[in-house]
Amino acid sequence: MAGVATSGRQRSRIAPYLMVLPALVYLAIFFVVPFITLARMSLSTASGSVFLPTLTFSWDFGNYAQAFSDFRGPILRSFGYATTATVLCIVLAFPLAYVIAFKAGRFKNLILGLVILPFFVTFLIRTIAWKTILSDDGWVVDALNALGLLSEGRLLSTGWAVIGGLTYNWIIFMILPLYVSLEKIDPRLIEASKDLYSSNFRSFTKVILPLSIPGVLAGSLLVFIPAAGDFINAEYLGSTQTTMIGSVIQKQFLIVKDYPTAAALSMVLMIIIVTGVLLYTRALGTEDLV
């Protein structure tokens, strides 16, 4: 009996590791191996044919220097666009998430469904639709020109068009975390603040906003990370003056076939994003991250 009990305890200790093993294998195959391959490629030297180059691993850190010197503009532009889109997503999504969480009542599920519904359409189709909406002969440009709000006389092929596309395509990933975070707030806390003669603004800044920080953090990460590496919006809504780093990486890999520089750019993008995320999460805290 003692041997059976010991065997049972051993199996119970091994079971968690066996359960997590498939996930670890998956991560090793589809994340660790590609990451090591990309890092190795970024330190390689290309030789031979332009169309079929031969890569030789040579610890060539010059690829990183070239990435920074030749493509500093797209790198800075990408993070500027992504940051602006993230801020706009917070500003636009917070009121909607608040209404759904506290004011929608029995229409809560209906509103959530209407919010999610457009995102069943593929990313590319939605971006092309924005290209049509923002076209020079579209009603949006006509309305803004009539109000004198367009200094350039057009929206398409500008940085604001790219930012608008990024904001629209990724805002759903801000709305849902904010909604979940706000819904967890006990309404009695807001009522208690009103009983203590707190104004609506003070209740928001002292009760609602601090308790919704986990949703803001989660939504910001879900929006900023893919937006920084996006290239679809820049390709269809922008111009050569609004090129983002994702477009540069795509062209370096598929057209120029400068694999070491493309890999170095990819590594630079990942390093900057990881560093920014670590600093951001350290500033806001992740204890209650939803």
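I started with the largest pocket, and helix 7 gives the largest share of its lining, six residues. For the record, helices here are DSSP runs of H or I with at least four residues, numbered from the N terminus. This is a predicted model, where local features need pLDDT of at least 70 and side-chain atom pairs count only at pLDDT 80 or more, while totals for chains, interfaces and linings use all residues. Residues are numbered from 1 along each chain as its sequence is written, and side-chain values use heavy atoms, with hydrogens and water left out.

**Pocket**

I noted a volume of about 320 Å³ for the largest pocket. A pocket is an open set of points on a 1 Å grid over the protein atoms alone, where a 1.4 Å probe fits and protein lies on both sides within 12 Å along at least five of seven lines; lining residues have an atom within 4 Å of a point. The volume is the space filled by probe spheres set on the points, which are joined across faces, edges and corners.

I got 17 lining residues, with L134, L155, W160, A161 and G164 nearest the centre. By type, the lining splits into ten nonpolar, five polar and two charged residues. Asp, Glu, Lys and Arg count as charged, Ala, Val, Leu, Ile, Met, Phe, Trp, Tyr, Cys and Pro as nonpolar, and the others, Gly among them, as polar.

**Positive phi**

S157 sits in the loop between helix 6 (139-146) and helix 7 (159-170).

I found K257, also not a glycine, with a positive phi of about 60 degrees. Its loop runs between helix 12 (245-256) and helix 13 (259-284).

How values were computed. Helix = DSSP H or I, 4+ residues; strand = E, 2+ residues; numbered from the N terminus.
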